[in-house]
Amino acid sequence: MLGADVRTGESELGLYGRDGSVLRGNADVVCLPTTTEQVRQITEICRNHGRPFVARGSGTGLAGGAVPVAGSVVISTAKMNRIGEINLDDRIAWVQPGVLNLDLSRALAPVGMHFAPDPSSQQVCSLGGNVANNSGGPHCLAYGVTTAHIAALEVVLPSGEVTVLGGIEADPVGYDLRGLFVGSEGTLGIATNIAVRLTPNPPAVATLLAAFDDVSEGAAAVGAIIAAGLVPAALEMMDQRAIEVVEAFAHAGYPTDAAAVLLVELDGQPAGVAAATQTVTDVANAHHATDVRVAADDAERALLWKGRKNAFGAVARIKPDYYLHDTVVPRSRLVDVLDAVYAAADAHDLVVVNVFHAGDGNLHPILSFDAREPGALERVHAAGRAIIAASIEAGGVLSGEHGIGLEKRDYMELMFGAHDLATQDAVREVFDPDGFANPLKVIPSGSRCSDSFSQHVPEGAWV
Amino acid sequence: MLRFAREVGSEGPVAVGGGGTQASSVNVREVTNEPRVVTAPAGVWEYEPSEMTVRCGAGTTLAELDAVLAAAGQMVPFDQHDDATVGGVLAVGHSGYRRLRYGHVRDLVLQTRHVDAAGEVVTAGGPTVKNVSGYDLCRLLVGSVGTLGFLAEVILRCVPVPLAQRWFTGAGVDPFELVAKLYRPSAIFADGSDVWVLIEGHPDDIDAEARSHAMSAMTPCDPPTWLPPDDRYVARTSHKPSELRGLLAGGSIGLAEVGVGVVHRATETHSIGAPTSANIALMEATKAKLDPTRRLNPHVRLW
């Protein structure tokens, strides 16, 4: 490979065979390019050798999108971590895909800007990964998901050509191929330079914690806040078990006897934020909140968020492994689906902890288990299937944030009909007719007339 | 919707008609066989204010949609003619005059159902505010002017109607300073000599901004009567927001949306964009996959 870092050492390859999911693949060649031209050359060599490739950001994906299958060469963007031109008139910055999400926002702080999508993994996840997954985060109810914050993408296409999709001008000509590329999970090519939209930092912020001794009151309060004409910057909910676990770990001052807590963040200008804070307080009290606390300063605000953002890590205190689910349901059905989640966990003798972006109905049931226990993983998958089915039945979707990847590929038929999937596949074929870019991900096999590579999850990969 | 799908059928050239309000925005070519014209179903079919989403037929007029949402204090900020249809606005893909605050019109769409060239209904996206399940065909359809499929039904995201709206105007003011110094102005217009600003939000916050240094040369005014869309503008051009500095300094070019990059022109400016050859290849291939006989809106030319 030309000039790029290439890894073939046994001990390192194990890391690259995995991402944040429970899936494992097989990495035998890992490249770490630093330039667009190197990425282009690597994909050309892959094509010439008949090898597919999979791009990898930080490997924090939870659906197996970065797990190499079918002999894919791993192209890691970790060394492509430069921030380029920042243009305040255009309100964009060009960044390489390996730049980390939170690092980008920190780098923009001196000009009073940030990058709005803030996944919980933002300290670690990369912009390239955010593009591939159309990442969300607590602030996306108010600000939109990643696609709304990407103006243009320089991509290396599976054909080896380099092109720019979208543009900085107001209305780029023709089809929104940029919009199609965002969320395509590495199956349409590799983004090598990203023009991100900058969001001005709000002059005023208020963070509140409201406690409820009844989950359905908390959920009803969520709907009432929206119906009152507010769009909070974040509206997060945690159930009792989540509160207990988080409090033991983060000591954020969460009330451990509450059935549920709502963490609400409001931002904007001072008068609007003050009025909204009062409205949220009134709504919470109208729904029998046992306590409503407004953070007095930045330190207290950071502490309240510390609790929420460490929920996943804290779950390890229950049992060593966890399976994190990701579905979205209409807010009005949150309580019903929550009941179904508890029922599914009980039926399979599992502990479940619930944290969610209540503002947009994005549920994250966390099933806690010990993978060493015989049969545990099967029970986890069975419970997972029940949770997914209940979510879709309630009018929800398959994934709010984590994407389809490998993990949910075979559930796509629960949400889309055969013709819908065939249409998606047709579009994929436009970009990647020979199946080089991250094969076997997103679309279930059988939707295509032919697959160049194996139809089944291959040897060495376990699910 | 099935009636609409049957009407579209699977053979012969076919075009979709909306409110006919954006005909001047679309480049057309001569066609040998005149296409039949079909219209998408209309009606607001599902609306839950606490979900902030609304499901409606693509043939629904903005007037009808606005009325339903306004009753609950919400809106979808299309800002086009009352007679325009939801499907037409999305198909053409031009954002309204408040794009500076509310973003591009494409980001208002959550789910689409369209009728494809085979006369079949295809669903893309999902009913919830957040969704990343499969390819984002919704974004592909917005701005495709019906050439990849005819929108039949959409689910849109709604936003609260702001508490207050105030317009301000001033002469000889630097509009780019306003972009930099105001928090989230909804619109900033400049024509080379005068500047107009729309600020929406809590009345006390608007007052505070009006008193700020950046606004010292601006005075309150009535809402302009010339807001686009309007018959006086016969063309619109698309630029980088940063390019407007040079364009405006060069003299009167029309009405510029500062911070956005759109210029509304009173004189005909015949322009059609020229994408790169790689992108043309991708777009042609997309069209060929989704409409192999090129029967959908054959008279429309996108590049």
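**Labels and their cut-offs**

Colleague: Why is B:Asp79 called buried?

Modeller: B:Asp79 has a relative accessible area of 18%, and buried means under 20%, exposed over 50%, partly exposed in between (1.4 Å probe, protein chains only). So B:Asp79 counts as buried. This is a predicted model, where local features need pLDDT of at least 70, side-chain atom pairs count only at pLDDT 80 or more, and totals for chains, interfaces and linings use all residues. Residues are numbered from 1 along each chain as its sequence is written, chains are lettered from A and ligands numbered from 1 in the order in which they are written, and side-chain values use heavy atoms, leaving out hydrogens and water.

Colleague: Where does B:Asp79 lie, and what makes its phi worth a mention?

Modeller: B:Asp79 lies in the loop between strand 5 (74–75) and helix 3 (86–92) of chain B; helices (H or I, at least four residues) and strands (E, at least two) are DSSP runs, numbered from the N terminus. Its phi is near 55°, a positive value in a residue other than glycine. A:Asn438 also has a positive phi, near 50°, and lies in the segment after helix 15 (418–431) of chain A. At 2% relative accessibility, A:Asn438 counts as buried.

Colleague: What makes B:Gln22 buried, and which residues does B:Gln22 touch?

Modeller: B:Gln22 has a relative accessible area of 12%, so the label is buried. Leaving out residues up to four places away in sequence, B:Gln22 touches B:Gln80, B:Gly88, B:Val89, B:Val92 and B:His94. Contact here means heavy atoms within 4.5 Å.

Colleague: How do you know that A:Cys140 is in no disulfide?

Modeller: The structure holds zero disulfides over all chains. For A:Cys140, the nearest cysteine sulfur, that of A:Cys125, is 11 Å away, while a disulfide is a pair of cysteine sulfur atoms within 2.5 Å. B:Cys158 is in no disulfide either: the nearest cysteine sulfur, that of B:Cys56, is 9.1 Å away. B:Cys158 has 0% relative accessibility and therefore counts as buried.
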